[in-house]
Amino acid sequence: LLTDELDYTRGSLAAGARRCGSPPWALPREWDALPTGRGPATPHEWFGGDLRGLEQHLDHVARLGANVLSLTPFFPAHSTHRYDSTTFEHVDPLLGGDEALASLTRAVHANGMRILGDLTLNHTGKHHDWFTAALADRGAPERALYLFDDTLPHGYDSSIGPGGSIL
């Protein structure tokens, strides 16, 4: 769940701070977390854990000097990486649900840190309501959100392969 590497020089927050002339000590020090809901978190896990487990280890993250907690997508999805969200309305119950994110946010702020969530509105999984509506009805308004091609076997393409399958 937690990485042991803090990157003081890369990332969009750091790049923006440098362009604004911020001194090096004021640059964001991001801690990237990838909660997957596969068991309790420990400071040495890259995969696994939930938002409550991450909250339990915030002291460790703060002691390492991080001032930004960066979360990968936390919406319900069918994959571990969660870039194929099925809804953007709630936090995945496997990660602790909406209250777990609210509690983590309060704890992050109490530690003098900021929280950055990866909101991936341009990534929807094939099980998302928008996509299923677009696929089911050519006249659905959701169809305008996607590119369909009747020459493809599934009628749509994706960056990971035809019909959203892994190449």
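**Strand, core and rings**

Colleague: Is S70 buried or exposed, and what is its relative accessible area?

Modeller: Buried means under 20% relative accessible area, exposed means over 50%, and partly exposed is in between (1.4 Å probe, protein chains only). S70 falls in the buried class, and its relative accessible area is 13%.

Colleague: What should I know about the model itself?

Modeller: It's a predicted model, so local features need pLDDT of at least 70 and side-chain atom pairs count only at pLDDT 80 or more, while totals for chains, interfaces and linings use all residues. Residues are numbered from 1 along each chain as its sequence is written, and side-chain values use heavy atoms, with hydrogens and water left out.

Colleague: Which strand holds S70, and which residues is it in contact with beyond four places in sequence?

Modeller: Helices (H or I, at least four residues) and strands (E, at least two) are DSSP runs, numbered from the N terminus. S70 sits in strand β2. Contact means heavy atoms within 4.5 Å. Leaving aside neighbours within four places in sequence, the partners of S70 are E30, W31, D32, A33 and L116.

Colleague: How far apart in space are L58 and V108, C-alpha to C-alpha?

Modeller: L58 is in helix α3 (residues 58-63), and it is buried at 1% relative accessible area. Beyond four places in sequence, the contacts of L58 include L69, L104 and V108. L58 and V108 are 50 residues apart in sequence, yet their C-alpha to C-alpha distance is 7.2 Å.

Colleague: How many aromatic pairs are there, and what is the angle between the planes of F75 and F88?

Modeller: Rings of Phe, Tyr and Trp (its six-membered ring) pair if their centres lie within 6.5 Å; planes under 30 degrees apart count as stacked, over 60 as edge-to-face and the rest as tilted. The whole structure has four such pairs. F75 and F88 make an edge-to-face one, 5.3 Å centre to centre, with the planes at 85°.

Colleague: Why is the F88 and W130 pair tilted, and how far apart in sequence are the parts it ties together?

Modeller: The planes are at 50° and the ring centres 5.6 Å apart, so the pair counts as tilted. F88 lies in the loop between β2 and α4 and W130 in helix α5 (residues 129-136), so the pair ties together parts that are, in sequence, 42 residues apart.
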